[in-house]
Amino acid sequence: MRQLALRVALGCTLSQQEAEDVAGEVTLRLWQMRTDLARFRSVGALVARMARNESISQLRRRRPAAGLNEAACVAAASADPEQATIGSEEAAWLERRLSELPPSLAVVIEMRTRRQLTTAEMAATLGLTEGSVRVLLSKARHRLLEEIRRRNEF
């Protein structure tokens, strides 16, 4: 069950260490629930769900630091100081908007943009159908596009 939790966490997070933390947390919770596991139809599905939820929590905790790193990368890559400032502000704005998305939408955007996973890979990792993943991606993109449109109106 630990290996299943690790696989799910690796599909949702970027680092091996975070995935190990998630797998450890899930294993600990399973041990604490050991007397109640018989009431679940599929312990594997339970483990996958717990790992996914813990991975989402890990992503939420990490998100503010990731935004600062991205803004710093944009600033460092630009030779023009004015463009670097604009790029940093835009990266920070986008990171704030991403952090405001519901967890299910944030996870699919994270998996698609940072991990470059296919719809099939995301569906297998999250335990969803490919259609559900496509709907979540569409919703996330639509929300971000609306935010960008609102921002450009000013």
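Here is a walk through the fold, from the overall layout to the helix packing and the cores.

This is a predicted model, with local features requiring pLDDT of at least 70, side-chain atom pairs counted only at pLDDT 80 or more, and totals for chains, interfaces and linings using all residues. Residues are numbered from 1 along each chain as its sequence is written, and side-chain values use heavy atoms, with hydrogens and water left out.

Let's start with the big picture. The chain has seven helices and zero strands, where helices (H or I, at least four residues) and strands (E, at least two) are DSSP runs numbered from the N terminus. Of its 154 residues, 36% count as buried, meaning under 20% relative accessible area with a 1.4 Å probe, protein chains only. Take the contacts (heavy atoms within 4.5 Å) with a separation of 6 or more: residues 24 or more positions apart account for 59% of them.

Now for the helix packing. Helix α6 (residues 119-126) meets helix α7 (residues 130-153) at about 105°, with the axes 8 Å apart; axes are lines fitted to C-alpha atoms over the stretch in contact, and angles run from 0 to 180 degrees between N-to-C directions. The two are therefore roughly perpendicular, the label for 65 to 115 degrees. On the α6 side you'll find T119, A120, M122 and A123, facing E130, V133, R134 and L137 of α7.

Helix α7 also packs against α5: their axes come within 9 Å and cross at roughly 95°, so this pair is roughly perpendicular too. Here S104, L105, V108, I109 and R112 of α5 touch α7 residues L136, L137, K139, A140, R141 and R143.

What about the nonpolar core, a set of buried Ala, Val, Leu, Ile, Met, Phe, Trp, Tyr and Cys residues joined through side-chain atoms within 4.5 Å? In the largest one, which has 20 residues, L101, V107, M111, M122, L126 and L137 touch the most other members. Two or more residues each come from α3 (43-77), α5 (103-113), α6 and α7, and α5 gives the largest share, six residues. M122 is a handy one to click on: beyond its neighbours within four places in sequence, M122 contacts V108, M111, R112, L117, V133 and L137. A second, separate core of 14 residues includes A5, L6, V8 and A23.

Note on methods. Angles under 35 degrees count as roughly parallel, over 145 as roughly antiparallel, 65 to 115 as roughly perpendicular and the rest as oblique. Buried means under 20% relative accessible area, exposed over 50%, partly exposed in between (1.4 Å probe, protein chains only).
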